[in-house]
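Please work through each task with the structure at hand before reading its solution.

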Amino acid sequence: MALPISTLTVQARVLRRLSFHRAATATATVCSMANPTTARVGVVQMTSTNDLDSNYATCDRLVKEAAVAGVKLLCFPESFSFVSAKDGESLQIAENLDGPIMQKYCSLARESNIWLSLGGFQEKGPDNAHLSNTHVLVDDSGKIRNVYRKIHLFDVDVPGNMVYKESSFTTAGSDIIAEDSPIGRLGLTVCYDLRFPELYQQLRFEHQAQILLVPSAFTKVTGAAHWEILLLARAIETQCYVVAAAQAGKHNEKRESYGDSLIIDPWGTVIARLPDRFSTGFAVADIDLSKVDSVRTRMPISQHRRFDSCWKSLTT
């Protein structure tokens, strides 16, 4: 039986009353089950370009508005700081995590007293021809708490769209990363990882994740076909919250992202999303870890799963 959650939508006109100027409309969706044991999480939707300063200005504005709204963790989409318009641009701007681009975002987290999930940063790679697609988790003191380097690279011929070859300029990561936070235990992933449930099973059952972060830039074609259903599946099969920040709209003449940033609860109910797939802004929900415990207690799949034992017997 579904565990119902009601939501309260705070329209953009309310957000405009904040002291910070809004360059675009947005909606914050607030889960109405707030109580002292919950923590407020925000999920961003934006349209990044190849202008680092413009992208930072958008992120700066959203972080400050989120902090005023009581958000403790704000999650940005893949390529939040930069989306290339030409081949090779991402490699040209890639830098180490202690470089000026990431350090600006760390300072922003510290100044706003907020945790940031910065998923899909162009981190300088092992050579000049490769970078890492890196999900950076920054705490409210501005310290980088952990990093996840995207394991599954997007080498795909999208039907009716274009051919992508992420591995031509990106080095795949190898480590599965979960990190404790005041919001709960976070499982870090990036975009195309979403199609590989084994990673999320590992995060839940081997790394005890309670909240799965999926910063993404799904294409218009793949997003329309699979975005929401894949997110729902990951939430239901792991009994975790899923926070999926999305790039949205046209970045340039060649690239367009699907959008539709979502927060989903452990029962598979969408509890926060923006009013449309293209607006820049953020939606918020109050994460209640007792909900995670309740769902897992009523349906104890961790006790019932047999894959590990069956697999061992087949390979011995």
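**Exercise 1.** Determine how E3 and E4 run relative to each other and how many bridges join them.

*Solution.* Step 1: E3 and E4 run parallel and are joined by three bridges; strands are DSSP runs (E, at least two residues) and helices likewise (H or I, at least four), numbered from the N terminus. Two strands count as paired if DSSP finds at least two bridges between them. The model is a predicted one, in which local features need pLDDT of at least 70, side-chain atom pairs count only at pLDDT 80 or more, and totals for chains, interfaces and linings use all residues. Residues are numbered from 1 along each chain as its sequence is written, and side-chain values use heavy atoms, with hydrogens and water left out.

Step 1: Buried means under 20% relative accessible area, exposed over 50%, and partly exposed in between (1.4 Å probe, protein chains only). In a regular strand the side chains alternate between the two faces of the sheet.

**Exercise 2.** Identify the pairing sense of E14 with E3 and with E15.

*Solution.* Step 1: E3 (residues 39-46) pairs with E14 in the parallel sense over two bridges, and Met46 has Gln247 as its bridge partner in E14.

Step 1: E14 and E15 form a hairpin with five residues between them. Four of the five residues of E14 (residues 246-250) are buried.

**Exercise 3.** Give the strand order of the open sheet of six strands and state which strands stand at its edges.

*Solution.* Step 1: The order is E10-E11-E12-E13-E16-E17, with mixed pairing.

Step 1: E10 (177-181) and E17 (270-273) are the edge strands; each has a single partner strand, so one side of each is left without a neighbour in the sheet.

Step 2: Neighbouring strands are turned by 20° against each other on average, direction ignored. Axes are lines fitted to C-alpha atoms, for helices over the stretch in contact, and angles run from 0 to 180 degrees between N-to-C directions.

Step 3: Within this sheet, E12 (residues 211-213) and E13 (residues 241-244) run parallel and are joined by three bridges; Leu212 stands opposite Val242 in E13.

Step 4: Helix H6 (residues 220-238) packs on the sheet and touches E12, E13, E16 (262-264) and E17, its direction making about 25° with that of E16. Contact means heavy atoms within 4.5 Å.

**Exercise 4.** Describe the largest pocket by its volume and by the classes of its lining residues.

*Solution.* Step 1: The largest pocket holds about 890 Å³ of space. A pocket is an open set of points on a 1 Å grid over the protein atoms alone where a 1.4 Å probe fits, with protein on both sides within 12 Å along at least five of seven lines; lining residues have an atom within 4 Å of a point.

Step 1: Among the 40 lining residues, Ser84, Tyr164, Glu166, Phe169 and Arg255 are the closest to the centre of the largest pocket.

Step 2: The lining of the largest pocket comprises 15 nonpolar, 14 polar and 11 charged residues, where Ala, Val, Leu, Ile, Met, Phe, Trp, Tyr, Cys and Pro count as nonpolar, Asp, Glu, Lys and Arg as charged, and the others, Gly among them, as polar.

Definitions and conventions
Points joined across faces, edges and corners; volume = space filled by probe spheres on them.
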